[in-house]
Amino acid sequence: MNSQLLAQSAVQAPHIEYGQLAPMLIVFGLAIAGVLVEAFVPRRARSAVHAPLTLVGLAAAFVATVLQAGTHHVAAEGAVGVDGPTLFIQGTIIALAFVSSLLIAERRPDTSAFVSDAASVPGTQEERESLVAGDVQTEVYPLTMFAVGGMLLFPAANDLLTMFVALEVLSLPLYVLCGLARRRRLLSQEAAVKYFLLGAFSSAFFLYGIAMVYGFAGSIRLSEIALAVSHSGGNETLLLLGLALLGMGLLFKLGAVPFHSWKPDVYQGAPTPITALMGSCTVVAAFGALLRVLYVGFGGMQWDWRPFMWGIAILTMVIGAIVAITQADVKRMLAYSSIAHAGFVLTGVIASSSQGLSSTLFYLVAYGFTTVGAFAIVTLVRDAAGEANHLSRWAGLGRRSPLVAGIFAFFLLAFAGIPLTSGFTGKFAVFAAAVAGGATPLVIVGVLSSAVAAFFYVRVIVVMFFSDPNPDGPTVAAPSLLTGAAVAVGVAVTLVLGVLPQPALDLAANAAAGLFVR
Amino acid sequence: MTPINLIVLSFVLFTIGAVGVLVRRNAIVMFMCVELMLNAANLAFVTFARMHGNLDGQIAAFFVMVVAAAEVVVGLAIIVSIFRTRRTASVDDANLLKY
């Protein structure tokens, strides 16, 4: 039958809206240009070419995103949805990737975070030679751009197959990037293996969920799935099974309990600039995809997924906040803090209203910039073995370098949600949306776990300012222009969104007003 | 053979893969089990495509094959690099990061 159809009608070329896809096309183009640079530019000159190329390209992609403002359209023959929330999320991801790229571009041999020769075995003559020669693994740039491209496509994907491909395009480069730390390479490789095995496991669940949903709806397009859900006549078992497996894959990516166990290990082992990228951009992209799946595809079965999301949000907030108390490593502590924050954002997702959507968007911006700034500070506190991540090594940092410790304390207060920081505005917005959506018990749990979380943030501040400095403690490296700029952006956004949040709140509300395109 | 048997087979393959990831110790074997899960999904896609009489599922199966191949490249590279460092591919020995 199909061959007859093909014979009857001439094959029509698909209609691709290049303008609306420009942000993604620019970033993927950057990635390919990065591969070409690897192939044709001499080794010594590569960093000098990559860094400006990446930064200028990301800036261009940001402009392309802003120019699309107001679009509400399904592009690329229904594969990609371009609408207010998606553009807001894409703009956020590009901006956060720009700031993370400033950290990645930090290339002085003493402070670079990336391995000199990833193929060499740690502790061998080969590795020492490449270290002495001052080599660096510049493949980091194209890999980062591929990951960012996948992150841009992930929340925009309007059918589940595109979403799966985007998930893999964002994950595969990140698995590799995790294993490229310059120091403590055993930890870094271990983090890469763990992230890879668990990530592949979870994406297999995600894919099987897609297959089940396809079995129910007969289509992988979100709008047609929504239609099938509302005229539910098919096999409900397949639908519920599919949604559960699909949700598992998405919740893994954003690190919600009980799918969080990879997060502390990977955040600790990965090179810190990559941790900053994962802690900000990946979380934003994963929330974008979760929002689209739940609002567009499965909005009609809210009463089925809501109780489960309630449970997951409560577990995520409580376990993230409580386990963080016992952490002795700064990056691990920030990982658990990121888990707790994923729970706070989930309360906004559950509200499933335009207000919930806009508050979620605002929270993601606020949290993303604070995270990048905090990890930028982590790259600065160093001793002879590289970054000094153990919390005991940070004792008395406030006396030795008050400015850096003060900025880090400011970021911690923002994580804790103290007024006049972006964290407070963000939390207030999601909790207000959750109350309006009838989720008051959830908000009570949220506020209580915020209080628990505040305890361990303040504990770090106490360690930094009220204990005596260790005589052989870490030194604070003088920040280069790049790292300094990353910290400055983090501070500026955290402060502005705390003191003058209204413009950003309005922007998020405007973006969310039209909801997702179907 | 009715399509529903193939769906049951796909369930069985998926379960074998998922249990394999959970109980096996060798990173390579775990990875092969993940591939089994992906192939179970492919079987489900193709069978559902036949049941619904449209091509979406078959197209999905092609994409999944490509993605699985890319995943093999990245996965084996990571596993080989940790094997060269530690002389073992057992996931029980990778225990530096915990608590």
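Student: Which residues make the nonpolar surface patch of about 580 Å²?

Tutor: This is a predicted model, where local features need pLDDT of at least 70, side-chain atom pairs count only at pLDDT 80 or more, and totals for chains, interfaces and linings use all residues. The patch is made by Leu241(A), Ile4(B), Val8(B), Phe11(B), Val12(B), Ile16(B) and Met51(B). Patch residues have over 30% relative accessible area and no salt bridge, and nonpolar side chains (Val, Leu, Ile, Met, Phe, Trp, Tyr) are joined within 5 Å. Accessible areas come from the Shrake-Rupley method with a 1.4 Å probe, and for residues only the protein chains shown count as cover.

Student: Which helix gives the largest share of the patch?

Tutor: Helix 1 of chain B, with five residues. Helices here are DSSP runs (H or I, at least four residues), and strands are runs of E, at least two, all numbered from the N terminus. Leu241(A) sits in helix 10 of chain A, residues 236–254.

Student: New topic. How much area do chain B and chain A bury between them?

Tutor: About 3800 Å², with 77% of it on carbon and sulfur atoms. Buried area is the accessible area (1.4 Å probe) that two parts lose on being put together, summed over both.

Student: And how many residues does the contact take from each chain?

Tutor: 45 from chain B and 46 from chain A. Contact means heavy atoms within 4.5 Å.

Student: How many salt bridges are there between chain B and chain A?

Tutor: One. Arg86(B) and Glu190(A) form it, at 3.1 Å, N to O. A salt bridge needs a side-chain nitrogen of Lys or Arg within 4 Å of a carboxyl oxygen of Asp or Glu. On chain B's side of the contact, helix 3 supplies the largest share, 17 residues.

Student: What about salt bridges over all chains, how many?

Tutor: Ten. One pairs Asp83(A) with Arg292(A), at 3.2 Å between the closest N and O atoms.

Student: Why does that pair tie together parts that are apart in sequence?

Tutor: Asp83(A) is in the loop between strand 2 (80–82) and helix 4 (84–104) of chain A, and Arg292(A) is in helix 12 (residues 272–297), so the pair ties together parts that are 209 residues apart in sequence.

Student: Where is the cis peptide bond?

Tutor: Between Val257(A) and Pro258(A), with omega about 5°. Pro258(A) lies in the loop between helix 10 and helix 11 (262–269) of chain A.

Student: How do the numbers and letters work?

Tutor: Residues are numbered from 1 along each chain as its sequence is written, chains are lettered from A and ligands numbered from 1 in the order in which they are written, and side-chain values use heavy atoms, with hydrogens and water left out.

Methods: Patch = residues over 30% accessible without salt bridge, like charges linked within 9 Å, V, L, I, M, F, W, Y side chains within 5 Å.
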